[in-house]
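Here is a short report on the structure below. Keep the sequence and the 3D view at hand as you read.

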Amino acid sequence: MTWSRLFNDPVGFFSEALMKRGVRLIFYAALTAALFPSSRFILLIALVVTLAIMWTADYQRNGSFKVCYLAAVLGILVVGYSAATIDVWRVDELRIPSSPWGNGISRVEDGTYTGEGQGFRGPIAVQVEVRNHRIIGIKTLEYPDLISVQDNELAAFKREVLEKGKLEKPLQPQMFRGATQTLTGYANAVESALSKGIPQFPQYSVFSTVFLNAFLGKTPDRVTLNALAILFAAFMVFEYTLQSMLVPGTGRSINCYNCASCVGACPIKEVEGVQMPMGLVLLTRLGDYDRVMELSKYCVGCGRCAAKCPIGNSGPLVISAAFQASRKQKREMLLNEKRETA
Ligand code: SF4
Ligand code: SF4
């Protein structure tokens, strides 16, 4: 697969790329990160750790420098994160004297503003109306915490804000699960809306806003767990249940219960840190056909593993599948190169 094909034949480029498990995993992760910003930080860490393990092994095996590029990207991320954190800290300090809390409402101009805060189960959004430096209306736009906080707590807080016409720290709520976080998130949403009505309210730089949002998203919360569960389910369904349909020819050899019955029967048992032939099955499932071919010389073809495996795998079967898949890959690469030069 060559990059110039991306421009000449984008459909072919993407369908071919999606045949690779690593590319599909990155696709699922990117989709999850786009839909659930709170999962971005965890996914980023998982991606970096996975690539670091894979590319360090590549470096030890064939001197590939991909791990150095990863280190460079990590360095850029650390520098970017430090710069963004310093900017956020500096702006937060500048915001203290301009805060809309309490009598700071006198700085807020008339108008209707929207704001967001982080609740117990996700973001809370409100719309606040200000007239003559008093809060005269609060409308709740988004409120996923309904099931964790009794509504009367929130209604009492809103009533108090409207009676006073200004925002003051909510009192400690009763001991409902998540109530403190919800009320704090609600008050922060009102604060964020009011701050939009203050002229020259200090703002974070575009760089730190975009950087933190793109790479870290929001603070991980319960939605994060749901997002990661969806990612895991999608991965399991598409990669393991439908694998033989997605990649014709890999079928039976791609399944394995990791029961190690084959390892017990194999006279070789383990070579170069790989258990035989169970490790070959795993490597084939991961698409590392070159490694399977390297290790194939150790298999003496006795067939003892085939007699033990509950699903009929054997060293020779897996090795032959890896050879076929590798040959297919190379043929496609050659065809693409020919297409490029034609
Ligand atoms: S066929 Fe190969 S992998 Fe299977 S038991 Fe014999 S030597 Fe081991
Ligand atoms: S016996 Fe079959 S299912 Fe069990 S680990 Fe070996 S290849 Fe996998």
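## The sheet

Two strands pair if DSSP finds at least two bridges between them. Strands (E, at least two residues) and helices (H or I, at least four) are DSSP runs, numbered from the N terminus. This is a predicted model: local features need pLDDT of at least 70, side-chain atom pairs count only at pLDDT 80 or more, and totals for chains, interfaces and linings use all residues. Residues are numbered from 1 along each chain as its sequence is written, while chains are lettered from A and ligands numbered from 1 in the order in which they are written.

Three strands make an open sheet in the order S1-S2-S3, with antiparallel pairing. Strand S1 (111-118) and S3 are the edge strands, each pairing on one side only. From one strand to the next, the twist averages 25°. Such angles run from 0 to 180 degrees between N-to-C directions, and the axes are lines fitted to C-alpha atoms, for helices over the stretch in contact.

## Strand pairs and the helix across them

S1 and S2 run antiparallel and are joined by eight bridges. Here Thr112 stands opposite Glu129 in S2. Strand S2 (residues 123-131) also pairs with strand S3 (residues 134-142), in the antiparallel sense, over seven bridges. Val126 stands opposite Thr140 in S3. S2 and S3 form a hairpin with two residues between them. Asn132, in the turn, has a positive phi of about 50°.

Helix H7 (residues 179-195) lies across S1, S2 and S3. H7 runs at about 140° to S1. Contact means C-beta atoms, placed from the backbone, within 7 Å.

## Helix H5

Helix H5 (residues 66-95) has 30 residues. H5 reaches 43 Å from its first C-alpha to its last, close to the 44 Å expected. The expected span is 1.5 Å times one less than the number of residues.

Of the 30 residues of H5, the number buried is one, so H5 lies largely in the open. Buried means 20 or more other C-beta atoms within 10 Å of a residue's own; exposed means 12 or fewer, and partly exposed is in between.

## The two ligand shells

A residue is near a ligand if its C-beta atom, placed from the backbone, lies within 6 Å of it. Of the 16 residues around ligand 1, Cys266, Cys299, Cys302, Cys305 and Gly315 come nearest. Helix H14 (304-308) and helix H15 (315-341) each give two or more residues to this shell.

Ligand 2 has 14 residues around it, with Cys256, Cys259, Cys262, Cys309 and Asn313 nearest. Helix H11 (261-265) and helix H12 (278-285) each supply at least two residues of the shell.

Definitions and conventions
Contact = placed C-beta atoms within 7 Å.
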